[in-house]
Amino acid sequence: MTIESAPVARDGQVASADGRVELQDTRVLSDPSLANEDLVPVPVAQRNWHTYNYTALWVGMSHNIPSWLLASGLVAAGMSWQQAVFIILLANVIVLIPILLNGHGGTKYGIPFPVLARSSFGIFGANLPALIRALAATCWFGVQTWIGGEGIFLLAGKMFGDSWANAGHIGDFAWTQWLSFILFWLLEIAIIVRGIDTLKHFENWAAPVVLVAAVALLIYMWSKAGGVGDILSQPGTLHGHDFWKAFGPSLMGMIGFWATLSLNISDFTRFGGSQKQQALGQTYGLPTTMTFFALLSVFVTSASEKVYGEVIWDPIKLAARIDNWVGTLLALATVMVATLAVNIAANLVSPSYDFANAVPKHVNFRRGALITCVLSVLIMPWKLVSDPNIYIFTWLNFVGAILGPVAGILLADYWFVRRTKLVVRDLYTRGRGLYWYRGGWNWIAVGSFAVAAILAGGGSYSGVDAKGNKTGPFPVDGMIPFLKPLADYGWIIGLVAGAVIHTVLMKLLKAPVTYDDSAQEPEDEGVTV
């Protein structure tokens, strides 16, 4: 297989002692249709995120309202709190693996996710995984923004009374709740338009603030309860076959919570001071904090049952029960900081880069962020979170099933096909180079994604409640019935299938991987690999 007019001059990049690479001649980054200041490689001198920065990033992203509610969803499904916490721990250890593997290229070459994806999907083909990721992130951004606005609405109602909480309705919600949503939305925009460095500083101080506040809530509830409630002694109702039947969908749902970050983690690792620092920071930050936060949610909720006579899993509603202004204000501030920390980092950075990658001449990071913010309202997130069955299981599982193949293709192409060796210059080159393939598209990667996505998500199905009603948008027997058994493990099926199919086809069809350094062909000739 040959590529058109591939240049054979040396790659024009230099590796530092720690393995990080940068271009010597940045003039190759001049094509405005493929590069702008937000998409070009970060110079080694400016890659200054260290272990604490990455740990703080994950602490800030993990300590949020939806992750607090993950354990409650599993307990509500009939699991004991020990089973729920174990599944959350296992899921985050598993998803950490592709996160670290796909983060390596960002630190080594200083490039964001949509540019890294050009090596496997092609110069233009990279827009396919980038826009899929952007759409998922946009939905998540809208959901988190609605939750943040709901926190403002409920806690402000505690301070301002019935005139706020029971204001006139516009549609299904009080106008004050719509106002809270808009205020939170505008606050997020104000932070992100200041750039990625502002985000780093925000995460550095937000992480410990949220952690301290969560522990303070635990101490407060335990002191009022005089101990723990009955939740810690409940064995759960799922045993044997019933537990294992629920285990797969539950595990995939928890993995799906961070499946998006397993794709675009290079948006953050591109600023890494070293591979060791970014890897250690993420390892310290993700599985540990997600598990600890799940434990906190169980302990606090168990105490709430003893204090108020009912189980209150939602920390916003629990904070609204605090009977003094200082506590309410602190709770309001914590909810805002926690939701801002995860929503901007996890759900706004990636689509900002992804939309910029689609039309870099006209869209930079800030404009991409604004596009995301507008779309996040148009998808009507208040409908997405209205049904927990759709939100926690159907939504997370299906997103995981679609994103798993992309993660598998990215890590397989980078680690197994190219052995971590990229020619950065060619990632920004139109009409020739290793990553031009056929018209800018690597149809091997596209085909691998399509097949793996069908295997992983084609069997997606909805459950049935006690009254026999369908609890989700998919057919009860699955969209493709014979694939229904695979749907419970959609993310892992998609990741493995995408990785295997892509690797095999790339090698069988001898797709371009590197230049033949032994041959000193003229620069205008093609290269056979």
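Visitor: Is Arg20 buried or exposed?
Guide: Arg20 counts as buried because its relative accessibility is 9%. Buried means under 20% relative accessible area, exposed means over 50%, and partly exposed lies in between, with a 1.4 Å probe and protein chains only. This is a predicted model, in which local features need pLDDT of at least 70 and side-chain atom pairs count only at pLDDT 80 or more, while totals for chains, interfaces and linings use all residues. Residues are numbered from 1 along each chain as its sequence is written, and side-chain values use heavy atoms, with hydrogens and water left out.

Visitor: Which residue forms a salt bridge with Arg20?
Guide: Asp18 does, with the closest N and O atoms 2.9 Å apart. A salt bridge is a side-chain nitrogen of Lys or Arg within 4 Å of a carboxyl oxygen of Asp or Glu. Asp18 is partly exposed, as its relative accessible area is 38%.

Visitor: How many salt bridges are there in the whole structure?
Guide: A search finds four. One of them joins the side chains of Asp31 and Arg430, at 3.6 Å from N to O. That pair links distant parts of the chain, 399 residues apart: Asp31 is in the loop between strand S3 (21-23) and H1, and Arg430 is in the loop between helix H18 (388-417) and helix H19 (443-457). Helices (H or I, at least four residues) and strands (E, at least two) are DSSP runs, numbered from the N terminus. Arg430 is partly exposed, at 41% relative accessible area.

Visitor: And Arg425, what does its side chain meet?
Guide: It meets Asp426 in a salt bridge of 3.2 Å, N to O. Arg425 is buried, with a relative accessible area of 11%, and Asp426 counts as buried at 0% relative accessibility.

Visitor: Changing topic: where does Lys484 lie?
Guide: Lys484 lies over the face of Tyr461, 4.7 Å from the ring centre. The criterion for a charge over a ring is NZ of Lys or CZ of Arg within 6 Å of the ring centre and within 35 degrees of the ring normal. The charged end of Arg118 likewise sits over the ring of Tyr428, 5.4 Å from its centre.

Visitor: How many aromatic pairs does the structure hold?
Guide: It holds 18. Among them, Trp49 and Tyr54 form a tilted pair, 5.5 Å centre to centre with 50 degrees between the planes. Rings of Phe, Tyr and Trp (its six-membered ring) pair if their centres lie within 6.5 Å; planes under 30 degrees apart count as stacked, over 60 as edge-to-face and the rest as tilted. Trp49 and Tyr54 are both buried.

Visitor: What about Tyr353 and Phe365?
Guide: They form a tilted pair too, with centres 4.9 Å apart and planes at 55 degrees. Tyr353 lies in helix H15 (residues 349-358) and Phe365 in helix H16 (residues 365-378), so the pair ties together parts that are twelve residues apart in sequence. Both residues are buried.

Visitor: Which residues form the aromatic cluster?
Guide: Trp146, Phe173, Trp178, Phe181 and Trp382 form one cluster.

Visitor: Back to H1. Why is it largely enclosed by the rest of the structure?
Guide: Ten of its twelve residues are buried. Those buried include Tyr54, Trp58 and Met61. Helix H1 covers residues 51-62 and reaches 17 Å from its first C-alpha to its last, close to the expected 16 Å at 1.5 Å a residue; the expected span is 1.5 Å times one less than the number of residues.
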